[in-house]
Amino acid sequence: MKKGGDFVVVVLLILRLRVPMAKEYAGSPKIHQIESKRKRLTWVLSVSGLCILFYILGAWQNTNIAPISNSTSDKLSKAACDPSNTVTNTRSATQSSSGAMSLDFNAHHQVGINETAGGVHKFPPCELSFSEYTPCQDPKRARKFNKKMLIYRERHCPPKEDLLKCLIPAPPKYKNPFKWPQSRDYAWYDNIPHRELSIEKAVQNWIQVEGDRFRFPGGGTMFPRGADAYIDDINELIALTDGNIRTAIDTGCGVASWGAYLLKRDILTMSFAPRDTHEAQVQFALERGVPAMIGVLASERMPYPARAFDMAHCSRCLIPWYDNEGLYLIEVDRVLRPGGYWILSGPPIRWKKYYRGWERTQEDLKQEQDAIEDVARRLCWKKVIEKDDLAIWQKPINHIECINSKKIYKTPHICQNDNADSAWYKKMETCITPLPEVSNVEEVAGGALEKWPERAFAVPPRIRSGLIPGVTAENFREDNEMWKERVAHYKKIIPPVAHGRYRNVMDMNAGLGGFAASMTKYPAWVMNVVPANSDKDTLGVIYERGFIGTYQDWCEAFSTYPRTYDLIHASNVFSIYQDRCDITYILLEMDRILRPEGTVIFRDTVEVLVKIQSITEGMRWKSQIMDHESGPFNPEKILLAVKTYWTGEPEQQQQQQEQQQ
């Protein structure tokens, strides 16, 4: 018998034929009747025992699933580090990785894909011109919107009728990126074929072209000696390595060298830049294995909760901080934690030395700095220090003195009845986001945080104070234990998790951040996404744990370039969205942002996973449904999927193939 379940059915049929229904008899039973009943009872017990035995054997047989071979990871890393290697090597590695998985869907579920989905729909590749398509930051669509306050660079997603139903192709010579930490300094030219920054920013040492690869020397406009030396300069002014500063945001990040070099100091940075004339800044950052998002300070709030970051940074980011009544500095104040720092270098700081190089007058630059200083005072910030090219301000730990100062500084006033965490398509306001009330001037508003790394598993203040409905400290601890078990299981079924194969990881429905916390032991970082329409807003909790993330409506595209994530974790995402929008477009979006040979872990009911699998079959993914880590009796299942390696064809060759077809 192939399956224990089939054997059980057969045995039960035999039992039905062998054992007639017993009749009731009045009076005392005769000896032969007693003997007959004993035989029937023995037969029933024997057959029942066999049924149970074969069911257990069948279940055991079908849960022995071959993990993805670790040899795949080794082959990929060798291909990435050997400049003489060709794309052919990568293709062969892909074939071996696909073959390493035993993709037997029939293990427990006898529902055919064709029966549920009406056949597999094959999605064609998009034209090669869409290789770097960013649906909600498309430059062509952006031209239709107002340039005032850079509104045209904000998110403007395509209407339903303009959504692409094709697969975004990788460039023809695409290779798997370098593994971390080598990727911090190198990227393949063919993966992001843009020389603009290497020419325009040549003297600033942002990026250099060396043969078939880019090299990132770590330079920046305001740190010609390199990001490492620049960070050391900051460390002399405020302590960066004592565990108090863990999360940072870099507005106008360039290629994210500041964030890249902060990582070795255990500081996790959200690098943030628009899609503009400096092509592919954020794409370069993510290719390097550094957290980044496409974004801009324009008219809407940044998609992060209040009191999220321990430190904010602008190095010649050219944001007009003093304009619009200080609107952008007010937004930085919203996302900055009590006691957090804002660091500014570049115009107008040290204008007496640089004004000629900046091609601006001394009077103009002095007025700009005076205006920034004035806004900072009105926000109740304290200027910590200005030394050489750096100026640093600090946000107060509470608003007791700030409320008193409003008798002197009438504006900006403190916002009334505002959900400070609301940040999905929410317009910025020229009022100060209120901090939670405290009883004395020494108390940290909202609650003090543990130092890193204890912060990762300490009960976050938002949970301690009961701000997350239905979530207690005990729930939090149980959630941590659950995700430790789940990530340990992932390590068994996809061993490359523990070997650096996956650097950029996304959790599409992050909850309390337990998955990210359990991934801290591996050389990876996690973009924690909290659905914007979620019943519980937990993103503030995630930041209090020392992790980063964003709000997102998965009926729309994510603010990133194609091929920027190695591993995507999707726990119960589709149960949330299957009645809100067509999940086909969510899966196509996942395909867009997933790198070739990247992996997706879905967790959901078997009905939802069957539907997902039927769609991904047409997306050139290889997948397998397997049991929950607790065993086959749990109704939640796991779908493990791998995006196969393929690339776009050069335009001329693609046109010839289309004509032949």
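A disulfide is assigned where a pair of cysteine sulfur atoms lies within 2.5 Å. The structure is a predicted model, in which local features need pLDDT of at least 70 and side-chain atom pairs count only at pLDDT 80 or more, while totals for chains, interfaces and linings use all residues. Residues are numbered from 1 along each chain as its sequence is written, and side-chain values use heavy atoms, with hydrogens and water left out.

By the sulfur criterion the structure holds 6 disulfides. With the bonded cysteines of the chain numbered in sequence order, the pairing reads 1-4, 2-3, 5-6, 7-8, 9-10, 11-12. Burial is described by relative accessible area (1.4 Å probe, protein chains only), with buried meaning under 20%, exposed over 50% and partly exposed in between. Helices (H or I, at least four residues) and strands (E, at least two) are DSSP runs, numbered from the N terminus.

Cys380 and Cys402 are joined by a disulfide with an S to S distance of 2.0 Å, and the link is right-handed, with 65° about the S-S bond. Cys380 lies in the loop between helix H13 (362-378) and strand S9 (382-387) and Cys402 in helix H14 (residues 400-405), so this pair ties together parts that are 22 residues apart in sequence. Cys380 is buried at a relative accessible area of 17%, and Cys402 is buried at 2%.

A disulfide also joins Cys136 to Cys157, with S to S 2.0 Å. The link of Cys136 and Cys157 is right-handed, at 110° about the S-S bond. Cys136 is placed in the loop between helix H5 (113-117) and helix H6 (139-142), and Cys157 in the loop between H6 and strand S1 (186-188), so the pair ties together parts that are 21 residues apart in sequence. Cys136 counts as buried at 1% relative accessibility, whereas Cys157, at 23%, counts as partly exposed. The disulfide of Cys314 and Cys317 (S to S 2.0 Å) is left-handed, with -95° about the S-S bond. Both Cys314 and Cys317 are buried.

Pockets were located on a 1 Å grid over the protein atoms alone, as open sets of points where a 1.4 Å probe fits, with protein on both sides within 12 Å along at least five of seven lines; lining residues have an atom within 4 Å of a point. Grid points are joined across faces, edges and corners, and a volume is the space filled by probe spheres set on the points. At least two lining residues each come from strand S4 (247-251), helix H9 (257-262), strand S5 (268-273), strand S7 (309-315) and helix H11 (323-335). Residues were classed as nonpolar (Ala, Val, Leu, Ile, Met, Phe, Trp, Tyr, Cys and Pro), charged (Asp, Glu, Lys and Arg) or polar (the others, Gly among them). The lining of the largest pocket has 18 nonpolar, 14 polar and 5 charged residues.

The second largest pocket has a volume of about 520 Å³. Among its 25 lining residues, Asn509, Ala510, Gly511, Ser571 and Asn572 are the closest to the centre. Helix H16 (473-493) gives the largest share of this lining, 4 residues. The second largest pocket is lined by 9 nonpolar, 9 polar and 7 charged residues.

Aromatic pairs were assigned to rings of Phe, Tyr and Trp (its six-membered ring) with centres within 6.5 Å; planes under 30 degrees apart count as stacked, over 60 as edge-to-face and the rest as tilted. The count by this rule is 23 aromatic pairs. Phe216 and Phe284 have ring centres 5.9 Å apart and planes at 70°, so the pair is edge-to-face. Phe216 lies in the loop between strand S3 (213-215) and helix H8 (227-235) and Phe284 in helix H10 (residues 281-287), so the pair ties together parts 68 residues apart in sequence. Phe216 is buried at 1% relative accessible area, and Phe284 is buried at 0%. Trp452 and Phe547 are also edge-to-face, because their ring centres lie 5.8 Å apart with planes at 90°.
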